[in-house]
Structure formats: C-alpha cells, structure tokens
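Here is a short tour of one structure, to be followed in a viewer. Please make the selections in the order given.

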Amino acid sequence: MTIERDDNYFMQEALKEAQKAAIENEVPIGAVLVLNNKIVARSHNQTELLKDVTAHAEILVITGAASELGIKFFEDFTLYVTLEPCTMCAGALKWARIGKIVYATDDPKAGFSLYSKNIIHPKTIFEKGPGEKESKILLQNFFKLRRKSDTKY
C-alpha cells in the first residue's frame, strides 16, 4: 500500500534538513528530492563543513541522487527546497533537467528569479509551496545570531 504524501509533507522534510543545517552553524536551507511519492535524496547546506562554496542543499541532493541512482537527468523528480534557489543552483537544476521545483520562501537578495526565470529548464515547473513562515523564521534567527556573534558570511 502506498501512502499518498503531499507538498506539506515533503516540505516539512526539507525543513527538517534546514534545522539540521542551523544546528551545524550552516545557513539553514534544506532540500529533498522526490520520485513517485518517495524521498530519494535529502540534504542541507554544508558549505562550512566541506569548505566548499558550492555545497548548497540543492547541489548536494542532485549529486547524491545522481551517484546513488546512476542517472544524470531528473525530468520525473520534484525538488522541495526551503529557499528559492540561487543562480548557481538554478543552473545546476537546469542541467539536471529537474521536472519540478517547489520552494518555501523567496530569496529577495540572491534568488535566481531576480535575474531571470529563464535560468531553469523551460520544461521545469517552478512554484511556491508551503512552509514560508517556518523557513523565514529559521533564516532570520540564524542571521540574527550571526550578527550578534560577529561571524562573517
């Protein structure tokens, strides 16, 4: 028996990843990759841990899934991510031919849609989903703490 899961369920899973990132002093962004109602990969930002500016949740999810599944294109997959992807991630998602991107909150400073929605693959469905409030709170609290401790990002 298959349990039907919806956008709320999958975004909550992405938010769990974002919470892990916050605990690890990473910018709290999480992502899950879904195929046929099943999470096939999950990750969160790990730029500090890996000392790699490209170690964003979206990139890590795609890289992990590609390695695990032995594929490079993701037309039938949905990515749930807690923050609108940046241009780097949008470019990677374009090349991965991701089928659908559902994000929780806009990124008014670095989101790819500031530049052009044409960065993602023309067949990719891009939509705002649930979890906006939770994602914003996680991000605001994270940066509030960083400003207090004078840690630069």
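With which residue does lysine 20 form a salt bridge? Select lysine 20 and glutamate 17: the two form a salt bridge, with the closest N and O atoms 3.0 Å apart. Keep in mind that this is a predicted model. Both residues lie in helix H1, three residues apart, which is about one turn of the helix. Lysine 20 is partly exposed, with a relative accessible area of 39%, whereas glutamate 17 counts as buried at 3%.

Move on to aspartate 106 and lysine 128. Their salt bridge has its closest N and O atoms 3.1 Å apart. Aspartate 106 lies in the loop between E4 and E5 and lysine 128 in strand E5, so the pair ties together parts 22 residues apart in sequence.

In that loop, select lysine 109. Lysine 109 is exposed, with a relative accessible area of 76%. Together with Lys144, Arg147 and Lys148, Lys109 forms a patch of positive charge on the surface.

The largest nonpolar core has 25 residues, and Leu33, Phe74, Leu79 and Ile98 have the most contacts inside it. Helix H3 (57-69) is one of the elements that give two or more residues to this core; its share, four residues, is the largest.

Definitions and conventions: Residues numbered from 1 in each chain as written. Predicted model: local features only at pLDDT ≥ 70, side-chain atom pairs only at ≥ 80, totals over all residues. Heavy atoms only, no water. Patch = residues over 30% accessible without salt bridge, like charges linked within 9 Å, V, L, I, M, F, W, Y side chains within 5 Å. Areas by Shrake-Rupley, 256 points an atom, 1.4 Å probe, with all protein chains shown as cover. Salt bridge = Lys/Arg side-chain N within 4 Å of Asp/Glu carboxyl O. Lys, Arg positive; Asp, Glu negative; His and termini not counted. Charge placed at Lys NZ, Arg CZ, Asp CG, Glu CD. Buried < 20%, exposed > 50% of the residue type's maximum accessible area, 1.4 Å probe, protein only. Core = buried A, V, L, I, M, F, W, Y, C linked by side-chain atoms within 4.5 Å.
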